[in-house]
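Me: I would like to go through this structure by question and answer, taking the helix packing and then the chain contact in turn.

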Amino acid sequence: MGEKSMRRGTYTRGEFLGLGVAGAAILAGCGGGQSGSKGGGTTTLNALFMQQAAYSSDNVNSMTKAFEKQNPGIKVNPTFVAYEALHDKIITAAPAGSYDVVLMDVIWPAEFATKKIVAKTTGRIPPGERSKILGGALQAVGYKGDYYGFPWILDTKYFYYNEDMLRRAGVKRAPATWDEVVAAAKAVKSKGIIKYPLVWSWAQAEALICDYTQLLGAFGGRFFDGSGNPAFNTGGGLAALKFMKMTLDEGLTNPSSITSIEDDVRKVVSQGQAAMALNWTYMFALANDPKQSRVAGKIKIAHTPRGPGGAPGVNGSMGLAITRGSQNQDAAWRYIQFIASQKIQDRYAKLSLPVWKSSYDKKQVIDALPQVVPVAKKQLNNMILRPQVASYNDFSHELQVQIQLALKGKKSPEQALDDAARTTASILKSS
Amino acid sequence: MGAVQIKEVRPAVTRGGGPWRRLFSQEGPTAVVLLLPSLIVVFGIIIYPLLKTLYTSFFAVDSAFPGHYPFVGLGNYAHVLRTGEFWDAVGHTAYFTVLTTFLEVFFGLLIGLLLNTDLKGRWLFRSIVILPWALPTIVNGAMWRWIFNADYGALNALLTQLHIIPHYRAWLGDPWTALNMVAVADIWKNTPLAAFFILAALQTIPGDLCEAARVDGAGRLRSFFSITLPLLMPTIVIILVLRTMEAFKVFDIIYVMTGGGPANGTETVAYYTYVEAFSNQLFGEGAALAYIIAIFILFFAIIYMRMLQRGEVEY
């Protein structure tokens, strides 16, 4: 810049043009910082996880550190979001290729595979390895005979109860059927131990469908009939909703259930404000942790109660998938293989049980959760899937709303499920 | 001096220039360079997304990836307008907008008047009142979610201890109550904005006007309704414009507090648009919805602009 022009405080035209070019260069520079940049022989992976249930962020961070130590050429940036935000973040980030590895829920492979968001990994999982993994976990990454990722979280909703409260109500052993649950709840309520013995995750969210699915299974229902038409509005599906409504009407279920997701359920149970609840594995350790729970040591776990249709648990597994847009698919796979390996999973079993069959007989895993593992061993073999359809979210949203309308008494359970079935049929037809 | 200016401007116009001609005259390149950054910004973050959204709204786009999608014309618009859930959302949004805007102006007026008086420690009140507005909406939403919590919320504790309600209630558990409770959170946050606008306007009203009225025998109420309120009208209209448009687009507080539930009772049009576009991957429909909302807001904007034009005040 000329000294003369500076002194006058003005610029010549040519200097202005120069400034403009410099400005443009700076603007262009803003577009950098792409994921997976390979600089100086290091590969950077961006991974997207969730912040609640199953492994904690501390768990994931230390698994990641261990991986980086073993693979000096690969750096991993884990990001954590709430489960409720996970799906939408994966979708919006997909065209930009922001993430290499994403955590995928069991209900998404149909959508993510159809819309080409995640990469097929069928060829990467040898058949010999598949047979070592529990079937329910494999379902979390399977769609139409192919695999899209690798199973990582194997979970289902267990039955939790406050042993102390049940004992005071005269209930000697854990209720094994839903009828016994109702009887126990009535006993707890009539003894005045607490106002609402049951709490559920019935907010307008996926959590509601998880609870409903587990009940639908227990009452012998199914989502679709043999020819693919909605069938949840009849038989067990209807009985499940009527059961839910009955527990609310009789004052056995906490009305706050209608605004609660799983973590709210955990907090209510931990505050000693509920006697019984369904929840994922992670609640066991946290509800019995004296630092976070007023009822530590009193919360016991049992197999989900039986109904006329049996006692299947909702399949709440999740897998790790590689995005199609990832520039580092091999490195991403290596990372997935590491944090989903049996060795790592066995080590971090306290909040999430391994996907590997033989882990359930290992001392390290049993010692982590001695009360949970025997229950898990049984219940993980009997799981019910939510529908595997590409427009799952649309379907789920519709069902959530209709179930809540019935629970709030705005519609009869029959009417609500009939309406949901009609909309579901048209959603499936248009997709 | 005016004559000199006209002389200088005239030749450029008579040369048949106009803006384009001038752009390529001697100062042209400099002008282009000067305008370029703002042009890039305006085009990149306003015009391009607007046009792209309009374009998307005519196609059955069902994925976030670019690609070839079937052209459906106005099909997305027609489908949206036929959906019951959309009209429910419009109803919730309209109710929310009217309720929050009205109460924010009302409380804003009261607080503004209070802060305009000779209170002791007025500066302290003025700083405290602005706090809710300074809070990010996400934080505000999370805070009120806790206050309204059915099992250990502060509101339940307060009301039961004062014996106003017999036992704890799930404030966000009923569709209608939940919508009103979200409105409360929004009113709490946005009333300070209205209060400050009104306070600023009050300070421009000459004191001798009220004094003259008092001399003429007008009471406090009379001078408020005949002098203060009419003079505040232009400011109130501006607050109405700002708050109506903001309230009609309400999204974040709903996302944090209720997620649209229970039973879609708090689903607003912006939230519905989000669900359709990002959760259900119906981007074409989402784009159509975005345009429908924009048309609604344009409609309000035109009404208010007319009110503003009529409401000019002279002291």
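Reply: A crossing is called left-handed if the near helix is turned anticlockwise from the far one by less than a right angle, and right-handed if clockwise. The model is predicted, and local features need pLDDT of at least 70, side-chain atom pairs count only at pLDDT 80 or more, while totals for chains, interfaces and linings use all residues. Residues are numbered from 1 along each chain as its sequence is written, and chains are lettered from A and ligands numbered from 1 in the order in which they are written.

Me: In which hand does α3(B) pass α14(B)?
Reply: The axes of α3 (residues 28–56) and α14 (residues 283–310) of chain B come within 7 Å and cross at roughly 120°, where axes are lines fitted to C-alpha atoms, for helices over the stretch in contact, and angles run from 0 to 180 degrees between N-to-C directions. That angle makes α3(B) oblique to α14(B), since angles under 35 degrees count as roughly parallel, over 145 as roughly antiparallel, 65 to 115 as roughly perpendicular and the rest as oblique. The crossing of α3(B) with α14(B) is left-handed.

Me: Which residues of α14(B) does α3(B) meet?
Reply: Two residues are in contact if their C-beta atoms, placed from the backbone, lie within 7 Å. From α3(B) come T53(B), L54(B) and T56(B), and their partners in α14(B) are F283(B), G284(B), A287(B), A290(B) and Y291(B).

Me: How are α18(A) and α19(A) oriented to each other?
Reply: α18(A) passes α19(A) in a right-handed crossing, and their axes come within 8 Å and cross at roughly 165°. By class, their contact has 10 nonpolar, 3 polar and 3 charged residues, with Ala, Val, Leu, Ile, Met, Phe, Trp, Tyr, Cys and Pro counted as nonpolar, Asp, Glu, Lys and Arg as charged, and the others, Gly among them, as polar. The two helices α18(A) and α19(A) are therefore roughly antiparallel.

Me: What is the angle at which α11(A) and α19(A) pack?
Reply: The contact draws G237(A), L238(A), L241(A), K242(A) and K245(A) from α11(A) and P413(A), E414(A) and L417(A) from α19(A). α11(A) passes α19(A) in a right-handed crossing, and the two are oblique to each other. Their axes lie 10 Å apart, and the packing angle is about 135°.

Me: What span should the 15 residues of α11(A) cover?
Reply: The expected span of a helix is 1.5 Å times one less than its number of residues. For α11 (residues 235–249) of chain A, the end C-alpha atoms agree with the value this gives, 21 Å.

Me: Which elements do the buried residues of α11(A) pack against?
Reply: A residue is buried if 20 or more other C-beta atoms lie within 10 Å of its own, exposed if 12 or fewer, and partly exposed in between, with C-beta atoms placed from the backbone. The buried residues of α11(A) include L238(A), L241(A), F243(A) and M244(A). In chain A they pack against α9 (178–190), β9 (198–199), α10 (206–218), α18 and α19 (413–430).

Me: Which helix supplies the largest share of the side of chain A that touches chain B?
Reply: In all, 33 residues of chain A are in contact with 28 residues of chain B. α2 (13–30), α4 (83–93) and α18 (392–407) of chain A each supply at least two residues of that side. The largest share, 6 residues, comes from α18(A).

Conventions. Helix = DSSP H or I, 4+ residues; strand = E, 2+ residues; numbered from the N terminus.
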